Amino acid sequence: APRWFTEADVTSTLDLPTAIDALERVLAAEHSGGAENMTKTHLMVGDNDVLNALGGALHTQGLCGTKTWVNVRGRSQTLLVLFSLTDGAVRAVLEATALGQIRTAAMTGLGTRWLASTDAAEMAIVGTGKQALPQIAACCRVRPVRRVRVFARDRDKLRAFVEGAAAALPGVDVVAAESLREAVADVPIVTLCTNATAPFLAAELLAPGTHVNAIGAIVPRRVEFHLDLFARCDLVAVDSLAAVRELSREFIDHFGAGRASWDSVTPLSRLIAEGRSRPPGADLTLFKAMGMGIADLAVAAAVLEHASGQGLPERVRCPLEL
């Protein structure tokens with residue numbers, strides 16, 4: 001029978017290391033045809049409010065599914081449905097807001113695992129929204145990060161976030177930066193996690209050897225970094241090439257205008273399959289994560305597998321059965 005997983009069910013059966021490893025396996029499968037994405041789509045339902053949908057198929061696990069959510073004034077709720085590829089039956093319905101946060105953070109963790117300097121002990125994050133703390137935690141899982149600089153324009157939110165993050169991350173020194181320049185100066189990992197609609201990060205702010213995770217601007221109206229970053233990048237990787245072609249304003253403006261070849265943009269799945277990580281002596285590396293269906297499905301499948309193994313009781317019958 002189909003299972004309904006509440007947010008509490010998801011968070012009780014899933015942690016970041018499990019999610020990161022699940023993503024790595026599925027991305028390796030994607031490169032060999034064992035997983036496929038359904039093109040992400042969206043509809044702007046306000047000036048900066050978005051209705052989103054994505055999905056995919058995990059052939060190696062016999063599952064497919066879709067996820068949909070709406071972000072209205074920074075608030076959202078999400079549902080994900082898993083179907084069997086054997087008979088089309090509904091396997092599970094998951095309340096997926098927390099799952100999406102964990103997946104987004106895990107994807108950044110995976111990009112950082114493959115692209116950042118292995119000895120990176122410090123990072124900066126720009127933005128203090130609901131994704132910020134999981135983003136820091138994911139980087140700390142894959143690199144020996146011991147100090148985090150945080151910057152946001154709202155100083156009250158910044159102070160509150162730093163206080164909360166310091167309590168949530170024992171052993172990590174979390175500090176507020178007075179400016180963007182101060183936050184990103186000479187740090188080996190910079191993560192952008194904002195709803196900005198104008199670019200703010202310029203290449204001249206970054207030291208050689210920096211890895212940048214850009215995960216905030218996932219629709220064309222949003223943008224986080226200036227195009228001069230591309231000129232300094234020795235490796236540009238993305239979670240989904242199709243998604244950045246359609247939805248990333250930074251990539252569309254740079255590569256779509258004919259100034260550079262899309263061939264220089266590498267799917268993370270290819271790097272994983274080929275065992276190819278950060279180039280020696282690289283100036284900058286960039287990982288752009290847009291969100292893709294198989295990533296959410298990989299994490300949802302991990303929840304379903306773990307719950308079955310642990311005998312997690314069914315909380316609510318799937319409404320389709322009522």
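The largest pocket is lined by 43 residues, and Gly-129, Cys-193, Thr-194, Asn-195 and Gly-216 lie nearest its centre. Its volume comes to about 1,100 Å³. For the record, a pocket here is an open set of points on a 1 Å grid over the protein atoms alone, where a 1.4 Å probe fits and protein lies on both sides within 12 Å along at least five of seven lines; lining residues have an atom within 4 Å of a point. The volume is the space filled by probe spheres set on the points, with grid points joined across faces, edges and corners. This is a predicted model, in which local features need pLDDT of at least 70 and side-chain atom pairs count only at pLDDT 80 or more, while totals for chains, interfaces and linings use all residues. Residues are numbered from 1 along each chain as its sequence is written, and side-chain values use heavy atoms, with hydrogens and water left out.

As for who supplies the lining, strand 3 (50–58), strand 4 (63–72), strand 5 (75–84) and helix 3 (97–115) are the elements giving two or more residues. Helix 3 gives the most, with six. Helices (H or I, at least four residues) and strands (E, at least two) are DSSP runs numbered from the N terminus. Sorted by class, the lining has 17 nonpolar, 18 polar and eight charged residues; Ala, Val, Leu, Ile, Met, Phe, Trp, Tyr, Cys and Pro count as nonpolar, Asp, Glu, Lys and Arg as charged, and the others, Gly among them, as polar.

Eight strands make up an open, parallel sheet in the order 9-8-7-10-11-14-12-13, where pairing takes at least two DSSP bridges between two strands. Strand 9 (173–176) and strand 13 (265–267) sit at the edges with a single partner strand each, so one side of each has no neighbour in the sheet. From one strand to the next, the twist averages 20° (axes are lines fitted to C-alpha atoms, for helices over the stretch in contact, and angles run from 0 to 180 degrees between N-to-C directions).

Strand 7 (residues 122–126) runs parallel to strand 10 (residues 189–192), joined by four bridges. Ile-125 has Thr-191 as its bridge partner, and Val-126 stands opposite Leu-192. On its other pairing, strand 10 meets strand 11 in the parallel sense, again over four bridges, with Val-190 partnered by Val-212. Ile-189 and Thr-191 point one way from strand 10, Val-190 and Leu-192 the other, and all are buried (under 20% relative accessible area; exposed is over 50% and partly exposed in between, with a 1.4 Å probe and protein chains only).

Strand 14 (residues 284–288) is largely enclosed by the rest of the structure, because five of its five residues are buried. Leu-284, Leu-286 and Lys-288 cover one side, Thr-285 and Phe-287 the other.

Helix 4 (residues 132–142) lies across strands 7, 8 (147–151), 10 and 11, at about 160° to strand 7. Helix 5 (residues 155–168) lies across strands 8 and 9, at about 175° to strand 9.

Finally, Pro-220 is found in the loop between strand 11 and helix 7 (228–232). Leaving aside neighbours within four places in sequence, Pro-220 is in contact (heavy atoms within 4.5 Å) with His-42, Glu-246, Leu-247 and Arg-249.
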